[in-house]
Amino acid sequence: MPIRFTTLFLRFPYNYCPRTMSDSQLQLDVSKLPRHIAIIMDGNGRWARERGEDRVFGHYEGVLSVRAIVDECGVLGIKYLTLYAFSAENWNRPIDEVNALMELLVNTIRKEVEDLKKNNVKLHVIGDFDSLPPLARQEMGEAMELTAGNTGLNLILALSYSSRHEIVRAATKLCAMVKANQLQPDAITEDHFKQCLYTAPFPDPELLIRTSGESRISNFLLYQLAYSELYFTPVHWPDFRKKHLHEALMAYQKRERRFGKTSEQIQNER
Ligand code: IPE
Ligand code: IPE
Ligand code: MG
């Protein structure tokens, strides 16, 4: 992989010194980074259990990884980062764990919001916002408002999120538009559908990362991942740091994205 110092100098903030870059960062081709990375942050519970600790300890440690990955995405100039933080199915976990997760969410946002603001990060939420506890809704709402003017990384938290629910909700919205005579059924396009998803303002992720060894999607962005590159790593989320992100990005950069075409066609288009 070529080392493109010129591009690095151009893309990174003026006060960012490439001499402090790690080896893995230097191996990245910054002209071929994804615009949007989505991550299924899995393995907090197992990480804690392996250390003889309560599962919740793994969730606390996982916040440090979130911090590290958000920072690094900002440095790399990634435009969108979607983090699967709590699925609609996760409500079925033991009540103590659910309560601890909601409390952690509130405390983390409260603690981090000033830094998000300072670091030009714009916060978004996708999922069933109304099902969150009132304090979580309030804290997230305020943080989204405070960061609304930011223009750097878009940090999208999937909370109480179910992709199937999102798809059914989109179908319901389209039906309502048809019923109101705003749209004819045979005029519905993929674009209309996309506009009805939670993710309407964002491009589809080019790269999906799942930590902790499971090779499944677990009801995450089923529609949006149609052509994403999937990257599975055995590393548990609390251990996942900047170096692991670089490994995922290097693997991504080695892939040939063909979108149904032949390899020869792709080569000729270059
Ligand atoms: C991911 O880690 C965090 C959430 C789902 C909230 P897990 O809690 O699923 O950890 P494992 O998969 O049980 O190890
Ligand atoms: C997916 O992880 C949800 C999040 C990471 C928030 P889970 O641990 O809940 O997924 P399954 O149950 O193993 O598929
Ligand atoms: Mg899990």
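## Contacts around Y227

Contact here means heavy atoms within 4.5 Å. In this predicted model, Y227 touches R257, F259 and G260, leaving aside residues up to four places away in sequence. Y227 sits in the loop between β5 and β6.

Y227 and T147 are 80 residues apart along the chain, and their C-alpha atoms are separated by 30 Å. T147 belongs to the set of α6 residues that meet α5.

## Nonpolar cores

The largest nonpolar core has 44 residues. Within this core, the residues that touch the most other members are I37, I39, L81, L155, L157, I209 and L245. Helix α5, residues 95-118, gives the most to the core, with 8 residues. Another core lies apart from it and has 14 residues, including A38, Y80, I156 and Y198.

L81 has contacts with H36, I37, I39, I69, V70, C73, L153, N154, L155 and I156, not counting residues up to four places away in sequence. Among these partners, I37, I39 and L155 are also listed with L81 as residues that touch the most other members of the largest core. I156, another partner of L81, is a member of the 14-residue core.

Helix α4 (residues 55-76) packs with helix α9 (residues 242-254) at an angle of about 50°, and their axes are 9 Å apart. That angle makes α4 oblique to α9. The crossing of these two helices is right-handed. On the α4 side the contact involves I69, E72, C73 and L76, which meet K242, L245, H246 and L249 in α9. I69 and C73 also touch L81, and L245 is one of the residues with the most contacts to other members of the largest core.

Helix α4 also packs with α5: their axes come within 11 Å and cross at roughly 25°. The two helices are therefore roughly parallel to each other, and this crossing too is right-handed. R55, V56, H59, Y60, V63 and R67 of α4 make the contact with E97, A100, L101, L104, T108, E112 and D115 of α5.

## Packing of α5 against α6

Helix α5 packs with helix α6 (residues 134-147) at an angle of about 5°, with the axes 10 Å apart. The pair is roughly parallel because of that angle, the limit for this class being 35 degrees. In α5, the residues in contact are L105, V106, I109, R110, V113, L116 and K117. Their counterparts in α6 are L135, A136, E139, M140, A143, L146 and T147.

## R210 and S218

R210 lies in strand β5, residues 207-210. With a relative accessibility of 5%, R210 counts as buried. Its side chain makes a polar contact with the side chain of S218, at 2.8 Å. Beyond four places in sequence, R210 touches I40, D42, R216, I217, S218, Y231, F232 and T233.

The partner in that polar contact, S218, is placed in the loop between β5 and β6, the latter spanning residues 229-232. S218 has a relative accessible area of 30% and is therefore partly exposed.

## Positive phi angles

Most residues other than glycine have a negative phi. S218 has a positive phi, near 50°. S160 likewise has a positive phi near 50° and is a residue other than glycine.

S160 is placed in strand β4, residues 154-161. The relative accessibility of S160 is 5%, so S160 counts as buried.

## L183 in the α7-α8 loop

L183 is found in the loop between α7 (163-179) and α8 (190-195). Its relative accessible area of 9% means that L183 is buried, the cut-off being 20%.

L183 touches L174, M177, V178, I188 and H192, with residues up to four places away in sequence not counted. L183 and L197 are 14 residues apart along the chain, and 17 Å separates their C-alpha atoms.

Technical notes: Residues numbered from 1 in each chain as written. Chains lettered and ligands numbered in written order. Predicted model: local features only at pLDDT ≥ 70, side-chain atom pairs only at ≥ 80, totals over all residues. Heavy atoms only, no water. Helix = DSSP H or I, 4+ residues; strand = E, 2+ residues; numbered from the N terminus. Buried < 20%, exposed > 50% of the residue type's maximum accessible area, 1.4 Å probe, protein only. Polar contact = N/O pair within 3.5 Å; in protein donor to acceptor, adjacent residues only side chain to side chain. Core = buried A, V, L, I, M, F, W, Y, C linked by side-chain atoms within 4.5 Å. Axes fitted to C-alpha atoms, helices over the stretch in contact; angles between N-to-C directions. Parallel < 35°, antiparallel > 145°, perpendicular 65-115°, else oblique. Left-handed = near helix turned anticlockwise from the far one by under 90°.
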